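Hi,

Here is the structure I promised to pass on. My notes follow below it; please have a look when you get a moment.

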Amino acid sequence: MFLIKIFHFLKGYVILSISGQNKEEFLNKIIANGVKPRNLDFQKDRILVQVELRDFFKIKEITKGVRVHIEKKRGLVFLLKKLTSRKLFLAGLIAV
């Protein structure tokens with residue numbers, strides 16, 4: 001289980017908030033297109049779904065009738081992007 005979490009962190013994933021009229025139909029459509037949603041959390045007015053970063057771009061084409069918002073971005077890709085903007089921090093890590 002721990003290795004699976006590390007693998008998903010290395011690839012990067014996004015936690016999405018899905019709201020609107022056809023939430024369940026939208027989930028069926030993305031599963032039919034090969035997206036594997038994980039950690040589904042059904043709340044009163046929305047659904048939280050965790051998908052891989054590469055699958056997020058497949059979802060953008062199907063978003064008719066629902067609203068999809070990015071709640072969190074997780075993974076090595078986003079961490080490296082954040083660290084590259086901090087040049088002095090990277091220089092300090094290399095110096096140590």
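A pocket here is an open set of points on a 1 Å grid over the protein atoms alone, where a 1.4 Å probe fits, with protein on both sides within 12 Å along at least five of seven lines; lining residues have an atom within 4 Å of a point. Grid points are joined across faces, edges and corners, and a volume is the space filled by probe spheres set on the points. The largest pocket has a volume of about 170 Å³, and its lining includes M1, F9, R38 and Q50.

This is a predicted model: local features need pLDDT of at least 70, side-chain atom pairs count only at pLDDT 80 or more, and totals for chains, interfaces and linings use all residues. Residues are numbered from 1 along each chain as its sequence is written, and side-chain values use heavy atoms, with hydrogens and water left out.

Now the salt bridges (a side-chain nitrogen of Lys or Arg within 4 Å of a carboxyl oxygen of Asp or Glu): the count comes to 6. R54 pairs with E52, with the closest N and O atoms 3.2 Å apart, and also with D55, at 3.6 Å from N to O. Through shared partners, salt bridges join K11, E52, R54, D55 and K58 into one network.

Elsewhere, K29 and E25 form a salt bridge, their closest N and O atoms being 3.7 Å apart.

Best wishes
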